[in-house]
Number of protein chains: 2
Amino acid sequence: MPNSTRNRASTGNSAKKNSEKKTTVTPSPERRRELLSTAAEVFAAQGYNATTVRRIADEAGMLAGSLYYHFDSKESMVDEILSTFLNELWAGYDEVLGAGLGPRETVEALVTESFREIDRHRAAVAIYQKESQHLSTQPRFGYLTESRGRFERAWLGALERGVAEGVFRADLDIRLAYRFLRDTVWVAASWYRPGGLHSPEEIARQYLSMVLDGITPREEQARRDRTQRKTQRQTQRP
Amino acid sequence: MPNSTRNRASTGNSAKKNSEKKTTVTPSPERRRELLSTAAEVFAAQGYNATTVRRIADEAGMLAGSLYYHFDSKESMVDEILSTFLNELWAGYDEVLGAGLGPRETVEALVTESFREIDRHRAAVAIYQKESQHLSTQPRFGYLTESRGRFERAWLGALERGVAEGVFRADLDIRLAYRFLRDTVWVAASWYRPGGLHSPEEIARQYLSMVLDGITPREEQARRDRTQRKTQRQTQRP
DNA sequence: CGGGTTCCCTAACAAGTGTTTGGTAGGTTA
DNA sequence: TAACCTACCAAACACTTGTTAGGGAACCCG
């Protein structure tokens, strides 16, 4: 819970000290969630900055000003969208990480969990992908940077252990591998549509199959191992 | 050359029909490129919509209005950035595609070429990644959608041929594989910094190694082939 | 010298932006 | 019935945005 976006509390632009009595407006949480859902959809489709508050209100069937009965600001809308998503995501991740799995199984579980989150929060994930870098400069969104760090530690840890135990290749740059894993998983949010041909689990399985075993068939791999030694010597020796 | 962004020609907002004599201003192309370069940098860092024309001018050491001596509009700046990037990209791609390579070699060459383009146009690639979906709704940026189609045909073609020839696995959803390939290559633009530890060719090599052969070592793959038959039967049989 | 060209500045405009204020219909409670 | 609360509207405000018009300094060319 990185932010306390209850009720109205004006981010304090100016000309208004907190000498006012507690405003007694209490918007219903269900309505909030409804509005946040449509807002997330528009943000994901148009981009945060390109989305006007009037457009969101339009989509929700009301006028721009009415949104401010439920929310402090446009900013606090993305804030709530992103933070609730990340909270749920880390709940799932922490469960995986605490299960005491082996490195390969950890990676498999993390990937599968990620695709499940995309299935449930595809709009939020898309927003996270596009705007997180830009938003995380503001102190309000510091938890984005923090989350990035936790990602890195979790993935890199599993990869390093895997290399140590011999279940992952040792000849690859582990940080490169981490970035590829991380990015490819999350960009799926840009094309994934829930209720499509593939379930999140099926996508995870295919994705893991590619990343773990490669897109080259075994026979072809073996054949190449036999015939390509010389060329490898030419390019790889310093 | 999808757009003719020469000189000034006011996109025709209003109150100005083209009854005026040919304006004789001729900004130097070199200065244009300089300005476009800094503009691209800011766009990539902040996002297109979040970037104000004043910020670009600031970075270039001049005032907002002065930019309009060189460019029609903010929009035509991204336009020129993206279109020149795509032109160069397709010059390289077409060369690869016309070389009559085998499917695996085509994929290798396309990936390598892509990372070279990222090395040269990282800002443009980052912009393309973030804004292309949003921009391509406008007719002016129709060439973005067109380019997307060409991408798909090129990659899918190579993958299909590869499956037919037995150099790529037949048990994978080829469209999924395409999306993974495409996305992972281009997201690299978000973290790649030219002059860093790895050359574009080295990154391409590592990336191809992962995608083609997987991150699991051969012995481990073989071991799993032997021991995991039952579990595969359980999950994969319909 | 004087005309022309290149490149930028000053200063403003009009449209669009997020946000606030005061009001009010309709339901619930006392 | 009266008081209250929820959820919205109507209308505006302050500010930022992209963009334009006119001018001027520096330089080149005759």
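A:Arg31 and A:Glu34 join their side chains in a salt bridge, with N and O 2.9 Å apart. A salt bridge here is a side-chain nitrogen of Lys or Arg within 4 Å of a carboxyl oxygen of Asp or Glu. The two residues are separated by about one helical turn, because they sit three residues apart in helix 1 (residues 29-46) of chain A. Helices (H or I, at least four residues) are DSSP runs, numbered from the N terminus.

A:Arg31 is partly exposed, at 28% relative accessible area. A:Glu34 is partly exposed too, at 48%. The scale runs from buried (under 20% relative accessible area) through partly exposed to exposed (over 50%), with a 1.4 Å probe and protein chains only.

This is a predicted model: local features need pLDDT of at least 70, side-chain atom pairs count only at pLDDT 80 or more, and totals for chains, interfaces and linings use all residues. Residues are numbered from 1 along each chain as its sequence is written, chains are lettered from A and ligands numbered from 1 in the order in which they are written, and side-chain values use heavy atoms, with hydrogens and water left out.

## Other salt bridges within a chain

Chain B has a salt bridge between B:Glu34 and B:Arg31, whose closest N and O atoms are 2.9 Å apart. Both residues lie in helix 1 (residues 29-46) of chain B, three residues apart, about one turn of the helix. B:Glu34 is partly exposed at 46% relative accessible area. B:Arg31 is partly exposed at 29%.

A:Arg116 pairs with A:Glu201 in a salt bridge, at 2.7 Å between the closest N and O atoms. A:Arg116 belongs to helix 5 of chain A and A:Glu201 to helix 9 of chain A, so the pair ties together parts 85 residues apart in sequence. A:Arg116 is partly exposed, with a relative accessible area of 31%. A:Glu201 is partly exposed, with 31% relative accessibility. Over all chains, the whole structure holds 40 salt bridges.

## Where chain A meets chain B

Chain A gives 44 residues to the contact, and chain B gives 44 residues. Contact means heavy atoms within 4.5 Å. The two chains bury about 4,800 Å² between them, 56% of it on carbon and sulfur atoms. In chain A, A:Arg169, A:Phe180 and A:Ile215 lose the most area to chain B, together 16% of what that side buries. Buried area is the accessible area (1.4 Å probe) that two parts lose on being put together, summed over both.

Four salt bridges cross this interface. A:Asp225 forms a salt bridge with B:Arg218, with the closest N and O atoms 2.3 Å apart. Several helices of chain A each supply at least two residues to the side that touches chain B, among them helix 5 (103-120), helix 8 (174-187) and helix 10 (218-227). Helix 9 of chain A gives the most to that side, with nine residues. By class, the side of chain A that touches chain B has 17 nonpolar, 13 polar and 14 charged residues. Ala, Val, Leu, Ile, Met, Phe, Trp, Tyr, Cys and Pro count as nonpolar, Asp, Glu, Lys and Arg as charged, and the others, Gly among them, as polar.

## Around DNA strand D

An N or O atom in the side chain of A:Ser66 is 2.8 Å from a phosphate oxygen of DNA strand D. B:Arg54 has a polar side-chain atom 2.9 Å from a base nitrogen of DNA strand D. Two elements give two or more residues to the surface near DNA strand D: helix 3 (67-70) of chain A and helix 2 of chain B. That surface divides into six nonpolar, 11 polar and five charged residues.

B:Ile56 is found in helix 2 (residues 53-60) of chain B. Is B:Ile56 buried or exposed? At 1% relative accessibility, B:Ile56 counts as buried. Leaving aside neighbours within four places in sequence, B:Ile56 has contacts including B:Phe43, B:Thr51, B:Leu67 and B:Met77. B:Ile56 and B:Ala40 are 16 residues apart in sequence, and their C-alpha atoms are 9.1 Å apart in space.

How values were computed:
A polar contact is a pair of N or O atoms within 3.5 Å; within protein, one must be able to donate a hydrogen and the other to accept it, and residues adjacent in sequence count only if both atoms are side-chain atoms.
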